[in-house]
Amino acid sequence: MTKHTPFPLFFLFFCTFFVHSQQRFTLSGTVSEASSNETMIGVTITISELKTGVTTNEYGFYSITLPEGQYQIQISYLGFKNQSHDIILRENSKLNFLMFEEAEELQEVIVTDNSEMLDIRKPQMSVNALSVGTIKKIPVILGEADIIKSILLLPGITNAGEGASGFNVRGGAVDQNLILLDEATIFNSSHLFGFFSVFNPDAIKDIKLYKGGIPARYGGRLSSVLDIFQKEGNSKELKISGGIGLVASRMLVEGPLKKDKAAFLIGGRASYAHLFLPLFEVDNTAYFYDLNTKLNYKINETNSIFLSGYFGRDVFSISDSFVNTYGNAVGNFRWNHLFSDKLFSNLSMIYSDYYYGLKLDFVGFNWSSGIQNFNVKYDLKHYIKDKLQINYGLNNIYYQFNPGKIEPSNENSGILEEQLIEKYANEFAAYIDFEQEITPKLNLGYGLRFSNFNRLGQEELNVYTNDEPVVFNQTLQIYQKATPIGVINPGRKESLAKFNNFEPRVSLSYLLNSESSLKASYTRLAQYLHLISNTSSPTPLDVWTPSGTFIEPQLLDQYALGYFLNIKDGDYSLETEVFYKDIQNRIDYIDGANLIANDAIEQVILNGEARAYGMEFLLRKNIGKFQGWMAYTLSKSEQRTPGRNPSETGINSGQWYNTPYDKTHDLSIYGNYDLNKKWSFNTNFVFQTGQPTNYPIGQFEFQGLTVPYYGLRNQERLPSYHRMDISASLSPKKNSVRKMQGEWVFSLYNLYNRRNAASISFNRNQDTNVNEAVRTSIFGIVPAITYNFKF
């Protein structure tokens with residue numbers, strides 16, 4: 001009998017061995033705009049033969065490892081011409097790409113910005129992005145393009161109303177948002193008490209808002225991360241752009257210091273409506289100004305350095321007797337280094353400062369407060385292979401808190417200088433984050449962040465019986481300040497309290513088919529800083545305080561599940577998510593708490609808990625002359641502070657109550673229609689459930705006065721909030737034949753003149769001697785006109 005060699009098995013073994021032993025090489029490089037050399041974030045590089053790809057990082061860098069062979073590379077970014085390159089990969093190679101904008105006359109369809117498109121494959125969820133181009137189109141108050149006001153049109157994001165500072169994400173407080181400008185922390189994101197944001201849209205390159213599934217490289221806040229990057233500057237040629245509006249103007253200048261090697265950017269913005277007040281015999285002023293700067297220098301192929309900064313101030317005065325000045329100042333030095341074609345690093349040294357000052361000549365003293373931090377962070381991105389990337393790094397922040405300082409404004413004021421006790425702290429973190437494709441359908445993102453917070457010593461620290469700065473009066477059934485039994489003087493080298501937390505992050509996506517996926521995430525976060533504020537919208541006078549002996553760090557566990565769908569090859573997209581947030585150690589205030597210039601803030605606060613849950617829907621139209629979206633959120637946000645033992649009632653009788661930022665229904669609709677090359681039209685409509693508040697539930701007579709009394713917290717609501725805004729943009733035809741490009745923007749804010757209630761107060765009518773409700777509104781219909789230019 002003849003014995004045959006099992007050739008098919010041998011051949012299969014040989015092929016398998018050959019494939020696994022086949023050499024692999026790395027293709028890497030950067031992607032930049034051809035017109036400016038500005039690196040591009042989120043550009044897609046696709047290898048069609050292997051059905052794999054990668055996107056560029058925050059500095060325009062990409063890296064992908066492939067088997068040896070011949071490939072066709074597709075480079076795409078919406079709004080730019082697609083590119084196709086054939087390469088033979090036989091060794092590690094560097095390949096940089098320049099992207100060219102689509103000429104308007106060649107565009108058959110109009111597409112949205114790449115950053116706003118839905119990626120159903122990536123495990124990252126609960127992320128919203130808006131391009132600067134979209135932000136500039138959205139109608140806003142007084143015609144000033146505004147990043148903060150624009151993100152309020154996205155699901156899960158609200159604020160306390162017109163003229164309110166900051167924003168709330170998924171039922172969280174304003175202080176639970178980490179706002180970064182070129183990695184530097186911005187502590188107050190508003191100008192003129194909330195009418196404008198501090199971000200000049202002309203200077204901004206990229207904007208991302210993380211509401212959940214937050215990567216491990218971020219920490220320190222519970223609700224969201226708003227990550228904003230400034231432009232790097234044009235290293236090809238000098239460019240100038242700006243805008244002139246009714247109340248403010250702006251200008252941005254960028255250009256090369258050394259062509260294709262170094263560039264600068266400087267942008268300024270200022271309001272000037274106050275200059276016209278003397279014409280109406282008004283002796284008050286209110287204005288703001290800010291400055292954006294950036295320098296970058298490409299030393300060689302593996303090293304680049306960046307120096308960026310922001311400085312902004314607001315000034316509000318009543319005559320010369322009251323002057324309020326506040327604002328942010330930040331600076332960041334960054335060094336990008338490429339260790340290899342697979343390992344990218346960034347070292348940052350960051351300074352951030354928030355200052356608040358009052359000049360009170362009528363009482364003879366000046367007041368100042370603020371917070372400073374010094375931050376060193378080192379981040380690395382390791383492209384292990386095309387299906388596995390690792391991010392890891394270290395971060396250390398040193399804080400100095402100035403809760404307030406009083407100084408006499410003149411020698412005869414009779415006021416003695418007094419410094420409230422300054423506080424100090426250090427926050428260290430280390431993290432590692434993985435992005436991995438498990439199967440063609442299953443992608444995972446998983447990581448761990450370790451944070452350590454060290455509350456350092458201070459000049460004086462009160463000591464209380466049983467370490468309880470708040471006591472419960474059993475007779476009156478109320479909480480009261482405790483009387484200190486002593487004072488200690490720990491030096492700054494000592495540690496008052498230390499906190500360690502492990503913060504795991506997990507997210508996944510499962511591809512149902514080529515157009516839809518399911519995603520889920522779990523996020524654990526710790527927050528060690530607290531904004532001391534008992535108003536529905538923060539004010540510049542509010543101060544930050546660190547966790548310590550009497551204040552525990554806030555801890556969050558967030559769960560989210562979502563379904564994501566691309567419709568008609570991405571012409572439309574649908575994002576739906578449900579979320580649940582559980583927060584420990586949320587600060588609450590005892591009844592009658594006085595927070596202004598309080599040197600023992602621990603005597604009026606207690607640690608409680610909070611929760612928020614809801615559903616979000618976002619339907620987008622991404623392509624065509626008409627684009628836009630509809631966003632709807634159904635949610636609940638509550639908090640409670642139960643008694644510390646069975647004999648205490650707790651705050652609000654220990655019951656759950658609506659947070660000041662609870663909005664049951666939140667609907668936003670935005671639309672943009674490009675009629676032709678000359679005219680485009682924009683509109684948005686907003687509806688929100690009214691803000692929780694307190695109304696009197698009864699009244700009693702006392703010495704001839706009618707005194708109202710109130711029930712449990714936040715049981716009532718202001719009337720529902722809604723409005724519609726419209727705008728029209730005119731680009732003259734002669735733009736196409738001249739170097740200077742101009743655009744007129746005409747807008748109407750609050751088109752149908754809805755008088756939305758900012759507050760409802762109860763006063764006694766002087767004529768009828770009867771208590772009555774008085775509604776306060778800020779804006780009716782507001783027209784505006786702005787002229788934008790660039791050359």
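Where does Asn466 lie? Asn466 sits in the loop that runs between strand 30 (461-463) and strand 31 (470-473). Keep in mind that you are looking at a predicted model.

**Two asparagines to look at**

- Most residues other than glycine have a negative phi.
- Asn466 has a positive phi, near 60°, and is a residue other than glycine.
- Is Asn466 buried or exposed? Asn466 counts as exposed because its relative accessibility is 67%, and the cut-off for exposed is over 50%.
- Asn37 is not a glycine either, yet its phi is positive at about 70°.
- To find Asn37, go to the loop between strand 1 (24-33) and strand 2 (44-47).

- Strands of a sheet pair through backbone hydrogen bonds, and the pairing can be parallel or antiparallel.
- Here, four strands make up an open sheet with antiparallel pairing, and their order is 3-2-5-6.
- Which strands stand at the edges? They are strand 3 (52-55) and strand 6 (83-89), and each has a single partner strand, so one side of each has no neighbour in the sheet.
- On average, neighbouring strands of this sheet are turned by 25° against each other, with direction ignored.

**A closer look at one pairing**

- Strand 2 pairs with strand 3 in the antiparallel sense, over four bridges.

Notes
Residues numbered from 1 in each chain as written. Predicted model: local features only at pLDDT ≥ 70, side-chain atom pairs only at ≥ 80, totals over all residues. Heavy atoms only, no water. Helix = DSSP H or I, 4+ residues; strand = E, 2+ residues; numbered from the N terminus. Buried < 20%, exposed > 50% of the residue type's maximum accessible area, 1.4 Å probe, protein only. Pairing = 2+ DSSP bridges. Axes fitted to C-alpha atoms, helices over the stretch in contact; angles between N-to-C directions.
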